[in-house]
Amino acid sequence: QDFDSHYLFVMGNPINEKHKEILREKCSRINSFDREGLRAYKRELRKLPPGERGTGNIGLVQAALISRNPLEYNILDIDTETSFYIIGVKINKKNR
C-alpha cells in the first residue's frame, strides 16, 4: 500500500498451529533489537548451519533492517490446527 509518508508491504501465509508461538517469538525478538543489534543477530544466524537457522529468520531480520521500522505482525486462528500469519513492513518515503 502506498501512503503519504510510507509504503506498507504486507505478506501472509497459513502455518501449523504448533509454529504460531515460534513465529511470534521471532518477530518479537527482532523488534527488540536496535539497528546494530539486528546486524549482529543476522551475523549470528549466518554462522549457523542451514538446518539450524530455522525458516524465515534472516529474511525477517533483513526486512527490519531495510525498513528501519519494527515488523508489524498478527496471527489469526483459522481452526484448531491452522493459523494465518500476517507480517507488515513499513518503509518510510523520506528515509529512502
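Helices (H or I, at least four residues) and strands (E, at least two) are DSSP runs, numbered from the N terminus. This is a predicted model, in which local features need pLDDT of at least 70 and side-chain atom pairs count only at pLDDT 80 or more, while totals for chains, interfaces and linings use all residues. Residues are numbered from 1 along each chain as its sequence is written, and side-chain values use heavy atoms, with hydrogens and water left out.

**Stop 1**

Select Arg68, which sits in the loop between H3 and S2. Most residues other than glycine have a negative phi. Arg68 counts as partly exposed, because its relative accessibility is 48%. The cut-offs are these: buried means under 20% relative accessible area, exposed means over 50%, and partly exposed is in between (1.4 Å probe, protein chains only).

**Stop 2: the end of H3**

Step back to Ser67, which belongs to helix H3. Is Ser67 buried or exposed? Its relative accessibility is 2%, so Ser67 counts as buried. Show its side chain: a polar atom there lies 3.3 Å from the backbone oxygen of Ala64. A polar contact is a pair of N or O atoms within 3.5 Å; within protein, one must be able to donate a hydrogen and the other to accept it, and residues adjacent in sequence count only if both atoms are side-chain atoms. Leaving out residues up to four places away in sequence, Ser67 touches Val89, Lys90 and Ile91. Contact here means heavy atoms within 4.5 Å.

**Stop 3: the rest of H3**

Now select the buried residues of H3, which are Asn57, Leu60, Val61, Ala64, Leu65 and Ser67. An α-helix has 3.6 residues a turn, so residues three or four places apart point the same way. Which elements do the buried residues of H3 pack against? They pack against H1, H2 and S3.

Gly59 is also in helix H3. Gly59 counts as partly exposed because its relative accessibility is 46%. Select Lys42 as well: Gly59 and Lys42 are 17 residues apart in sequence, and their C-alpha atoms are 9.3 Å apart in space.

**Stop 4: the nonpolar core**

A nonpolar core is a set of buried Ala, Val, Leu, Ile, Met, Phe, Trp, Tyr and Cys residues joined through side-chain atoms within 4.5 Å. The largest one has 17 residues, of which Leu23, Ile30, Leu60, Val61, Leu71 and Ile87 touch the most other members. Two or more residues of this core come from each of helix H1 (20-32), helix H2 (35-47), helix H3 (57-67) and strand S3 (82-92). In soluble globular proteins, nonpolar side chains tend to be buried together.

Select Ile87 by itself and show what surrounds it. Neighbours within four places in sequence aside, Ile87 is in contact with Phe9, Val10, Met11, Cys27, Leu60, Leu71, Glu72 and Tyr73.

**Stop 5: a patch on the surface**

Select Tyr7, Phe9 and Met11 and show the surface. These residues make a nonpolar surface patch of about 300 Å². Patches are made of residues with over 30% relative accessible area and no salt bridge: like charges are joined within 9 Å, nonpolar side chains (Val, Leu, Ile, Met, Phe, Trp, Tyr) within 5 Å. Accessible areas come from the Shrake-Rupley method with a 1.4 Å probe; for residues, only the protein chains shown count as cover. Tyr7 is in strand S1 (residues 6-16) and is partly exposed, with a relative accessible area of 35%.

**Stop 6: the salt bridges**

How many salt bridges does the structure hold? There are five. A salt bridge is a side-chain nitrogen of Lys or Arg within 4 Å of a carboxyl oxygen of Asp or Glu.

Begin with Asp2 and Lys93, whose side chains meet in a salt bridge (2.5 Å, N to O). Asp2 lies in the segment before S1 and Lys93 in the segment after S3, so the pair ties together parts that are 91 residues apart in sequence. Asp2 is exposed, at 54% relative accessible area, and Lys93 is partly exposed, at 29%.

Next select Glu17, Lys20 and Asp77, which are linked in a network of salt bridges. The side chains of Glu17 and Lys20 meet at 3.0 Å, N to O, and those of Lys20 and Asp77 at 2.8 Å, N to O. This second pair links distant parts of the chain, with Lys20 in helix H1 and Asp77 in strand S2 (residues 72-77), 57 residues apart. Lys20 counts as buried, at 14% relative accessibility. Glu17 is partly exposed, at 25%, and Asp77 is exposed, at 53%.
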